[in-house]
Amino acid sequence: MIALRHVEKSYPVGGGQTFVLRDISLDVARGEFVTIMGPSGAGKSTLLAVLGMLDAAWKGSYRFQDSDVLALSTKARAELNKQHIGFVFQQYHLIDGLTVSENLDIPLSYRNIPRGERQAMVADVLDRFHMVGKKDVFPPQL
Ligand SMILES: Nc1ncnc2c1ncn2[C@@H]1O[C@H](COP(=O)(O)OP(=O)(O)OP(=O)(O)O)[C@@H](O)[C@H]1O
Ligand SMILES: [Mg+2]
């Protein structure tokens with residue numbers, strides 16, 4: 001569960017401040033899918049960096065489940081990010097030197113998931129996307 005309240009992000013420009021995010025309040029329930037749309041420069045990536053806990057230089061409040069994100073230490077915030085946040089980039093950013101299976105395992109390995117369970121998750125995803133035959137292939141060969 002996400003609750004943003006009155007989020008503000010600005011940059012000093014000239015003598016004043018330019019606001020990129022201003023008075024942003026947003027609730028996202030568990031399991032809910034949300035799309036953020038807007039013209040280039042509207043602040044979508046800026047907002048995602050706040051939601052993804054990559055940026056802590058803003059004002060307002062952000063509750064993620066039971067945590068007050070801005071009040072956390074950098075380390076605790078990174079831990080929360082690691083457990084709960086995932087980004088899928090438009091550029092797919094696979095690691096060329098790792099196989100398809102190993103690439104799938106990387107983000108799971110950052111979480112406290114036992115090895116056997118991770119292997120089952122990887123196998124399930126490979127199956128779901130009909131890629132079992134490609135599991136030991138390296139990205140450049142895909
Ligand atoms: N360091 C900075 N100083 C001043 N303004 C900045 C700085 N960094 C970003 N901005 C401004 O913040 C605004 C929002 O940028 P952001 O990247 O969040 O937009 P976006 O909606 O993701 O755009 P796009 O659709 O092009 O990805 C832009 O107008 C940008 O110029
Ligand atoms: Mg963007």
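**Entry 1: the turn at strands 3 and 4**

I began with strand 3 and strand 4, which form a hairpin with 2 residues between them, and I noted that Gln-65 in the turn has a positive phi of about 50 degrees. Strands here are DSSP runs of E with at least two residues, helices are runs of H or I with at least four residues, and both are numbered from the N terminus. I then looked up how this pair is joined, and found 2 bridges between strand 3 and strand 4, which run antiparallel; in this pairing Arg-63 stands opposite Asp-68 in strand 4.

**Entry 2: what I am looking at**

I remind myself that this is a predicted model, in which local features need pLDDT of at least 70 and side-chain atom pairs count only at pLDDT 80 or more, while totals for chains, interfaces and linings use all residues. Residues are numbered from 1 along each chain as its sequence is written, chains are lettered from A and ligands numbered from 1 in the order in which they are written, and side-chain values use heavy atoms, with hydrogens and water left out.

I followed strand 1 (residues 2-13) next, and found it joined to strand 2 by 9 bridges in the antiparallel sense. Ile-2 has Val-28 as its bridge partner in strand 2, Leu-4 stands opposite Leu-26, and Val-7 is partnered by Ile-24. In the hairpin of strand 1 and strand 2, which has 2 residues between the strands, Gly-14 takes a positive phi near 60 degrees.

Strand 1 also pairs with strand 3, antiparallel, over 5 bridges; there I found Ile-2 opposite Phe-64 and Ala-3 with Arg-63 as its bridge partner.

**Entry 3: ligand 1**

I looked up which residues surround ligand 1, and they are Tyr-11, Val-20, Pro-39, Ser-40, Gly-41, Ala-42, Gly-43, Lys-44, Ser-45 and Thr-46, a residue being near if one of its heavy atoms lies within 4 Å. Helix 1 gives the largest share of this shell, 3 residues.

I then checked the polar contacts, which for the ligand are pairs of N or O atoms within 3.5 Å. A nitrogen atom of ligand 1 is 3.4 Å from an N or O atom in the side chain of Tyr-11, an oxygen atom of the ligand is 2.5 Å from an N or O atom in the side chain of Ser-40, and an oxygen atom of the ligand is 2.9 Å from a polar backbone atom of Gly-43. Taken alone, ligand 1 exposes 650 Å², of which the protein buries 53%, with areas from the Shrake-Rupley method and a 1.4 Å probe.

Definitions and conventions. Two strands pair if DSSP finds at least two bridges between them. A polar contact is a pair of N or O atoms within 3.5 Å; within protein, one must be able to donate a hydrogen and the other to accept it, and residues adjacent in sequence count only if both atoms are side-chain atoms.
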